[in-house]
Amino acid sequence: MRLGIFLLATRAPRPPAPTRHHPKDELRSDVSWDDHAALSRTVEAAVAAERAGFDDVWLAEHHFMSYGVVPSATLLAGHLLGVTERIHVGTAVSVLSTRHPVALAEEAAMLALLSGGRFRLGVGRGGPWRDLEVFGTGLPRYEHGFAESLDLLLTWLRSDRVSWEGEHFRFREVPVVPRALAPPPVTVACTSPETEALAAERGLPMLLGMHVDADEKAAAVARHGDPALPHISTHVAQVADTREEAVGTLMAEMPRWLGPGLAGYVAVDDRPRPTSDPVGYVRRMCGIHPVGSPDDCVESLVTTVEKTGIRHLILLVEATGSRAATLENIARLGADVLPKVRAAL
């Protein structure tokens, strides 16, 4: 059983000055209004997670948006590996549609070597966003190139020398340097049956997101065909004395950064996108994830494991956007939830 945290490194929009005292003012006073604060909170959260007994930290990667201010999950992973001693650090995910897979594989091998095997590589297809235009990879890499990118990445991590002749990449044989004799484990973010099948064909575990519940994740594992692989399940986690308190905190705080963040996803070809409803999304998260008292959180996590067979869960712990509240959430989860989950499973 592995239990980790998942960090978006979000930047919240600064609200107007309050006209009267609000009970949440103290919490909001240290919300990450700028990028430095968001990154600092993320580093502190990772260190706190190690202290609280979590097994790993997973880092999101985004470009040009407040939803997450980390443009290189591998770069931040390297920093976190340097300031921690035990905890593993993974990317959730490094986006292959905007990266050269050889460059990413080189970084992953180097991090695996320098960390003594504590680095984990999560990769994903990404979306049809303006990143594709800025980095020059274009829609074809997103629409048709993910499988080839993944195959080249895996080949590089597992070989001494590599040459390639494909639709998107072509090069003569070169030596693999640095070469990690024990390459980092690779996990694939899966949001569709097509990507699930792609991961299954390559014998790779899935990273399943917060937007699907335990029943949907169980169906994905069944479609994948190998429940024994170390699949990963992502959750929003907020612990408080009561479920009402935890839900109230998320409903008050999470939509304020989630709405502007989701609006940052801009399609490169101006295709229409469904209108986002951050309040409805947060309400759904509260209904399907470990949000509540310690016993509520334990029950939710244990139920997920029993339904899905997935024994690696990672928890979004920074939904308030507040440094103090995030650190308190990590400490309470570590003290009051993790031991009970491990004991139950």
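Is Phe-64 buried, partly exposed or exposed? I looked this up first in the predicted model. Phe-64 is partly exposed, at a relative accessible area of 40%.

**Entry 1**

I stayed with Phe-64 and read its phi. The angle is near 65 degrees, a positive value in a residue that is not glycine. I placed Phe-64 in the loop between strand 2 (56–59) and helix 3 (73–83).

I then turned to Asp-270. Its phi is also positive, about 60 degrees, and Asp-270 is not a glycine. Asp-270 sits in the loop between helix 10 (243–263) and helix 11 (278–288). I noted Asp-270 as exposed, with 66% relative accessible area.

Next I went through cis peptide bonds. One joins Ala-92 and Val-93, with omega about 5 degrees. Val-93 belongs to the loop between strand 3 (88–91) and strand 4 (94–95). Another cis bond runs from Val-177 to Pro-178, with omega near 0 degrees. I found Pro-178 in the loop between strand 7 and strand 8 (186–189).

**Entry 1: the cavity**

I searched the whole structure and got one cavity of 30 Å³ or more. The largest cavity holds about 30 Å³. Pro-178 is in its lining, together with Ala-109, Trp-156, Leu-157, Val-176, Arg-179, Ala-180 and Pro-183. By class I logged seven nonpolar residues, no polar ones and one charged residue.

I moved on to open space. The largest pocket has a volume of about 1,300 Å³. I listed its lining: 45 residues, of which His-62, Gly-126, Trp-129, Thr-191 and Tyr-265 are the closest to the centre. By class the lining splits into 23 nonpolar, 15 polar and seven charged residues. I also checked which elements contribute. Helix 5 (131–134) and strand 9 (206–208) each give at least two residues to this lining.

**Entry 2: a hairpin**

Which side chains of strand 6 point to the buried face? I walked along residues 161–165 and saw the side chains alternate. Val-162 and Trp-164 point to one face and are buried.

I then looked for the partner strand. Strand 6 pairs with strand 7 (residues 170–175) in the antiparallel sense, over four bridges. Across the pair, Trp-164 stands opposite Phe-171 of strand 7.

**Entry 3: cysteines**

How many disulfides are there? I counted zero. Cys-297 is in no disulfide; its nearest cysteine sulfur belongs to Cys-286 and is 11 Å away. The cut-off for a disulfide is 2.5 Å between sulfur atoms. Cys-297 is buried, at 0% relative accessible area. Cys-190 is buried as well, at 4%.

**Entry 4: salt bridges**

I counted 20 salt bridges in the structure. I took a few in turn.

Asp-35 and Arg-11 form one, with their closest N and O atoms 2.6 Å apart. Asp-35 lies in helix 2 (residues 35–52) and Arg-11 in the loop between strand 1 (2–7) and helix 1 (25–28), so this pair ties together parts that are 24 residues apart in sequence. Asp-35 is partly exposed at 36% relative accessible area. Arg-11 is partly exposed at 27%.

Lys-307 and Asp-215 make another, at 3.4 Å from N to O. This pair links distant parts of the chain: Lys-307 in helix 12 (residues 294–308) and Asp-215 in helix 9 (residues 214–224), 92 residues apart. Lys-307 counts as partly exposed, at 45% relative accessibility. Asp-215 is partly exposed too, at 47%.

I also picked a pair within one helix. Glu-253 and Arg-256 meet in a salt bridge of 2.8 Å, N to O. They are three residues apart in helix 10, so about one helical turn separates them. Is Glu-253 buried or exposed? I found Glu-253 buried, with a relative accessible area of 0%.

Last, I looked for linked salt bridges. Glu-143, Asp-269 and Arg-271 are joined in a network of them.

Terms used: Residues numbered from 1 in each chain as written. Predicted model: local features only at pLDDT ≥ 70, side-chain atom pairs only at ≥ 80, totals over all residues. Heavy atoms only, no water. 1 Å grid on protein atoms, 1.4 Å probe; cavity = no way out; pocket = protein on both sides within 12 Å on 5 of 7 lines; lining within 4 Å. Points joined across faces, edges and corners; volume = space filled by probe spheres on them. Nonpolar A, V, L, I, M, F, W, Y, C, P; charged D, E, K, R; others polar. Buried < 20%, exposed > 50% of the residue type's maximum accessible area, 1.4 Å probe, protein only. Pairing = 2+ DSSP bridges. Salt bridge = Lys/Arg side-chain N within 4 Å of Asp/Glu carboxyl O.
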